[in-house]
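I opened a new page for this structure today. My plan is to look things up one at a time and jot down what I find.

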Amino acid sequence: MNLLDFITRLLAATLAMGTSLTYATLGEVYTEKTGILNLGMEGTMLMGALAGFATAFNTGNLLLALIMAMLVGALLSLIHAFLCITMRANQVVAGLAITMFGTGLANFLGQRLGPATNNFNLTGMNIANKFSNIAIPGLSDIPIIGALFDVSLLTYALYIILPFSWFFMYKTKYGMVVRAVGENPRTAAAMGISVTKIRYLYTLIGGMFAGLGGACLSLSFIPSWNEGMTGGKGWIVIALVIFSTWNPGRVIIGTLVFGGITSLQFSLQAAGLKMVIPSQFLGFSPYLITLVVLTAMTIINQKKKGSFASPSALGVSFAIDDK
Amino acid sequence: MSEKNTDETPVVRMVNITKHFPGVLANDSVDLTLHRGEVLALLGENGAGKSTLMNMLVGLYRPDSGEIYVKGKMAEINSPQDSMALGIGMIHQEFMLVGNMTVAENIILGMKDLPFVPPMADIKAKITELSKRYGLQVYPDKVIQDLSVGEQQRVEILKLLYRGADILILDEPTAVLTPGEARDLNEILKKMLAEGKSAIFITHKMDEVMEFSHTVQVLRRGKSVSSCPTNTIKRVQDLANMMVGRDILFSLDRGPYKPTDVMVEARDITVLPIGGGKPVLDKVSFSIRGGEIFGIAGVAGNGQQQLTEALTGLLRVDSGTILLNGKDMTNKTPLQVIKSGVSHIPADRGRMGVVGDMSVGDNLSMKKYRTQELSSHSVINRSWVRKFADHLIDVFTIKTPSQDTSVKFLSGGNIQKTILAREIDSCGGILIAVYPSRGLDVGATEAVRQNLIKQRDKGNAVLLVSEELEELLMVADKIAVMFEGRIMDIVDADKASTERLGMLMAGVEREDV
């Protein structure tokens, strides 16, 4: 097999796999940066995947499908925001509940929103339109980096969204507010910032991005609906946020590494390497590498005295009367 | 301070302000008037309602009733944004700075009229210009967590100046400063007053009232009990009496200094920070005898806390030896240290001293529960605990509805008395007290100090870490000054002067005066 071809195809697969993760991770970075931990990602992504697919299936309108996925994501995270910000519930417990609720609801609705011919089940259905890859003539023929120019619109959009979200966080006055609220909400409040408003806003934005991430799966990556089709990606997102050190500019590194290892595992299996390495080992290797990287980062973090530290107020509820 | 001009509309007038918190009447129809160019000292014990009153002026809290007039106009202050628009700015006791952001970012944080992308170069230039004008040296690109406490306070002041505040509220601004830095602050304040700005100064230190203010207003239990020009105050004692509502002792009963054997000995204790850098403790050596109070002075954060943690087995030392009651206790566990006769009153009483959700009785027995006195065969005898706790509550006059009340519902002073009772009762010769009177009112402070002296007179060795020089000069027999992890010098308390200790605290080595 041609090595250049192999790498190019691997990169293409990585981008396809990484797109969904990147959207959801970006969303969670912004949510966590204001101090709200949303462990409901898995459920929110699955609901987004369902909402996107069901809308595309019933209307054929992809734009509407994306809007629905984002709306549903925002709605689910609104529950999380209400519980954690207004009711000051434990954020871990609330997030887990959102994941369980979202997963269950998505699977339930997946058997109700389909056509009568298929027993109202969405599983096994195809959609007329999907986000397919669009090759840019010329650029897409270059070996290896050509893969960057033969992706779906959802991936192209990230080329703009990713740098902008870094710029927004570190160069604009709104980003400064986000960072201040997650680091020291009391100070933010004393400077006239409404901590509650900011936290609600970015929890909703995080949910929208998670819904979008889910829709990437059902409208582009594998255009279909399957129960539990996120397969734990929502949990990987939580790890990738740590991997990115809460910096939107670094989100891409984690998603490429994770997407890359996952795709490599598929390619190696396809290449018949499972004879040498057991397929089960290849199956869990991305997660193993996540564990190794997280451990390494924790150690570096201790050595460098918290330069990769999480936002100080992450997971802590806030009221001005608290002492 | 210079004369002030009073014949114009007051810049701030608070009328009949009342504020309730659940179960507490924090302010009870308080009036306050501040004139242009005036410094008003707001004096009172902890919990007297000073900070609450000011937090209403800056819009962090809203009064239940009452009116606020700013520069002659009735003001509706619903948020810090509103108060800033009126030119009011506050420096909180706990600095309002975001640790991982730069000085410049902190100064502009939350300002509404900034463009989408703030022009950082212009902003930094303006900060530098302001800092030159007022003699407040800061570097706009430095990250807050790398700054000293004094520098952080300068950033806080600049934040107010940058926003054009002309009514400044300072909540115990000198509590964290060395005497030298406090004098600098005084100079900066004078410069600002000369420009027509006004200030309210919250404090519980009487000498600062006399030194800094034109007018003094005293709050007691949420009520304003007195307001008068500072120069009409004849005796500091009068202020103290107004503050607590009774005569307080300014000298403490203490027996003669009769040191016995060395009970605590530290030899070259060194602790290195994680990840390298300057040692946290750098070859610290000293010894404490029985019947002696050994004071440690210094600005908080110069290694005092780490030193006491090393002595009590909470922090591993990298080299050096610790001898307690003659035994080598270097890097032993906290339980082994306790068993060797050490009692510890930690700096953070809420987090390390008590378990807030547990009852007063349980907190009192938390050290002795494992002894024959309170349990048999590992089963705690509740009736023994009751008797034991009631006895201590009585002896140490802990004010609590009952011993079943959760400790977190007590006042700071009574929480400290609970810790004091437990530690003194179980003390086997060595008592280590870290900032034991920090944040306590005059009455509780007096009780804490008197108890420490009682231990000394009984022949125990007492280590007292404090940031208040008066306290050390009043209570201790010897005073060591710490700076950047080192002991600068150890002096006899009766021969020490505030000036000399202040120089040592600022890191100035021996100088010929």
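Predicted model: local features only at pLDDT ≥ 70, side-chain atom pairs only at ≥ 80, totals over all residues.

**Entry 1: chain A.** I began with the elements and found 11 helices and two strands in chain A. Reading from the N terminus, I wrote their order down as α-α-α-α-β-β-α-α-α-α-α-α-α. Next I looked up the radius of gyration of chain A, which is 20 Å; the globule rule gives 20 Å for 323 residues, so chain A is as compact as a globular protein of that length. Its C-alpha trace spans about 65 × 55 × 40 Å along the principal axes. I also checked burial: 46% of the 323 residues of chain A count as buried. Then I turned to contacts in chain A between residues at least 6 apart in sequence, and 76% of them join residues at least 24 apart.

**Entry 2: where A meets B.** How many residues of chain B are in contact with chain A? I found 21 residues of chain B in contact with 21 residues of chain A. On the chain B side, helix α2 (residues 80-85) gives the largest share, three residues. Sorting that side by class, I noted 13 nonpolar, seven polar and one charged residues.

**Entry 3: the domains of chain B.** Where they touch, 12 residues of domain 1 of chain B are in contact with nine residues of domain 2 of chain B. On the domain 1 side, the elements giving two or more residues are α2 and β7 (167-171) of chain B. Of these, β7(B) gives the most, with three residues. I sorted the residues of this side too: seven are nonpolar, two polar and three charged.

**Entry 4: the nonpolar cores.** Which residues have the most contacts inside the largest nonpolar core? They are F53(A), L57(B) and F201(B), in a core of 148 residues. Helix α8 (residues 195-221) of chain A supplies the largest share of this core, 14 residues. I also saw that domain 1 and domain 2 of chain B both give residues to this core, so it lies between them. A second, separate core has 72 residues, including A444(B) and L464(B).

**Entry 5: L57(B) and its helix.** I went back to L57(B) and set aside its neighbours within four places in sequence. Its remaining contacts are V12(B), M14(B), I68(B), I77(B), S83(B), I88(B) and I169(B). L57(B) is one of the buried residues of α1(B), and this helix (residues 50-57) is mostly covered, with eight of its eight residues buried. Among the others on the buried list are K50(B), S51(B) and N55(B). Just after α1(B), I spotted G59(B), which takes a positive phi of about 85°.

**Entry 6: L86(B).** My last stop was the loop between α2 and β6 (88-91) of chain B, where L86(B) lies. Is L86(B) buried or exposed? I counted 21 other C-beta atoms within 10 Å, so L86(B) is buried. Leaving aside neighbours within four places in sequence, L86(B) is in contact with V70(B) and A75(B). I also compared L86(B) with I202(B): the two are 116 residues apart in sequence and 20 Å apart in space, C-alpha to C-alpha.

Note on methods: Residues numbered from 1 in each chain as written. Chains lettered and ligands numbered in written order. Core = buried A, V, L, I, M, F, W, Y, C linked by C-beta atoms within 7 Å. Buried ≥ 20, exposed ≤ 12 C-beta atoms within 10 Å, placed from the backbone. Helix = DSSP H or I, 4+ residues; strand = E, 2+ residues; numbered from the N terminus. Domains from an automatic or database assignment. Contact = placed C-beta atoms within 7 Å. Rg over C-alpha atoms; globule rule 2.2 N^0.38 Å. Nonpolar A, V, L, I, M, F, W, Y, C, P; charged D, E, K, R; others polar.
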